[in-house]
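Subject: Structure handover

Hello,

Here is the structure I said I would pass on. My notes on what turned up in it follow below.

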Amino acid sequence: MNRPAVPHTQDAPDHPATDARRRHDPETRGFASDNYAGAHPEVLAALALANGGHQAAYGADDYTANLQRLIRSHFGQRAEAFPVFNGTGANVVSLQAVTDRRGAVICADSAHIHVDECGAPERVGGLKLLTVPTEDGKLTPELIDREAFGWDDEHRAMPQVVSLAQGTELGTLYTVDEIRAICDHAHERGMKVHMDGSRIANAAAALDVPMRAFTNAAGVDILSLGGTKNGMVFGEAVVVLEPDGVRGMPHLRKLSMQLASKMRFVSVQWEALLAGDLWLRNARRANSMARRLADGVRGVDGVEILYPVQANAVFARLPHEVSERLQKRYRFYFWDEAAGDVRWMCSFDTQEEDVDGFVAALREEMAR
C-alpha cells in the first residue's frame, strides 16, 4: 500500500511554509498578565522534538511516562502528575479529588477559585466554597477556624479542604513555616490541603527553596502545578502528593474534560521546564523585573504600592485618569477601579528596557 509522502521533522526548513500570518507586533510588551507572554523558545523547541511519528494517546506516551520521573524528582517519590489543559481545570479536578458531594473548601476571599473561575469549582466541581476575608491574601490557622466547624451539622456543607495559593492573588507569599502550620492545623481537624500553584515557580524563586519545601515536605496533599504563566504554550498539571487520600483521579480528569488526547505535547513542555532549571530561570527573571518596576515607581509622587512585592506582581494605587491614559500606552488591568488600584505583572520575557520605558511613561502621565 502506497502512503503519501510526509516530510520528516529533521528535513523541514527552519521556517516551514504556512498560510498563517503573524498578526501582532512581537516587540509589544505590557504589564497586564504573565499570560500575555508567548512561549519560551526552549519550550517551542521541545514541542518540535515531540512531533513526528505516532505516540499512544491519552497519556500512554513516552513523554508522559518520563514526566512522572521528573515530578518525583521535584516533589518526592509518592508524587504523581496528571497533565491538564488549564489552571481552572487543574483546580476543579484537584478539589473534586479531595472532597465528597457534601464537601466544602475553605479559601481566602481573594482566591482565584472564588473570584476568577466563573463559579467552576462550585458549579462543575459540585462543592461549596467557604471564603474568609484576609488583609494580604494569606490564610492563617486562626482565619481558617472562622469556617472550620459544623462537621456534624447536616444543614451545613462539611469543611473538608483548605485551599491556599502560592503565591496569592495579591502577589504575597507564604513562608515554609506558615504553610506547614496551616497543613498541621488542617490535618488535625481532618481536612486536606490543596495548593493553587499557578505561580509556584515564582514563589520558589523568591523564597530560594525547592518547590518540595513548601508542598509535600510541608504537608500539602494535592497541588495545581502551573506552567503556562512560566513559559509553556498551554497546559498545567494536577500533582497528587498524598495518594492515600485521593481517589479516582483518572476518571475525574476525564469527566472534567481535562484529558488531552495528544498528551505528549503537554508533557514535553513540562520536560523542557523541569528537566533542567528553565522553570527557575524564567521565574527569577519575572521576579527581578517586578522588583525593578517597584523600585522605579516608589519615587513617583502620587503612586502608592499596596502590598509587599514578593514575586512577579506589583499592586499600586494612583489617580484613575492617569491609569486610563497610561493604559493607552501599556496594557494593564484595574484591580479595584473605584479605588484606583491597579495590577502590574511581569513575565519571563520582560526586559529591563520594558520596565524602564513603563516607569518613564508613568512619570510623564503623572506630571500632566
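Helices α11 and α13 are roughly parallel to each other, because their axes cross at roughly 25° and angles under 35 degrees count as roughly parallel. Please keep in mind that this is a predicted model.

α11 covers residues 278-298 and α13 covers residues 352-367, and their axes come within 10 Å. The crossing of the two is right-handed. On the α11 side, the residues that meet α13 are R285, M289, R292, L293, G296 and V297. Their partners in α13 are E352, V355, D356, F358, V359, L362 and R363. Sorted by class, this contact has seven nonpolar, five charged and one polar residue.

Next, the nonpolar cores. The largest has 60 residues, and the members that touch the most others are I71, F75, L225 and W270. Helix α10 (residues 264-274) gives the largest share of this core, seven residues. Leaving out residues up to four places away in sequence, L225 touches I71, F75, G197, I200, M211, E236, A237, V239 and W270. Another core lies apart from that one; it has 25 residues, including A290, Y330, V355 and L362.

Last, a single position. L129 belongs to strand β3, residues 128-132, and is buried, with a relative accessible area of 7%. Not counting residues up to four places away in sequence, its contacts are V105, C107, I113, H114, P121 and E122. Between L129 and G119, ten residues apart in sequence, the C-alpha to C-alpha distance is 9.5 Å.

Regards

Definitions and conventions:
Residues are numbered from 1 along each chain as its sequence is written. This is a predicted model: local features need pLDDT of at least 70, side-chain atom pairs count only at pLDDT 80 or more; totals for chains, interfaces and linings use all residues. Side-chain values use heavy atoms; hydrogens and water are left out. A nonpolar core is a set of buried Ala, Val, Leu, Ile, Met, Phe, Trp, Tyr and Cys residues joined through side-chain atoms within 4.5 Å. Buried means under 20% relative accessible area, exposed over 50%, partly exposed in between (1.4 Å probe, protein chains only). Helices (H or I, at least four residues) and strands (E, at least two) are DSSP runs, numbered from the N terminus. Contact means heavy atoms within 4.5 Å. Axes are lines fitted to C-alpha atoms, for helices over the stretch in contact, and angles run from 0 to 180 degrees between N-to-C directions. Angles under 35 degrees count as roughly parallel, over 145 as roughly antiparallel, 65 to 115 as roughly perpendicular and the rest as oblique. A crossing is left-handed if the near helix is turned anticlockwise from the far one by less than a right angle, and right-handed if clockwise. Ala, Val, Leu, Ile, Met, Phe, Trp, Tyr, Cys and Pro count as nonpolar, Asp, Glu, Lys and Arg as charged, and the others, Gly among them, as polar.
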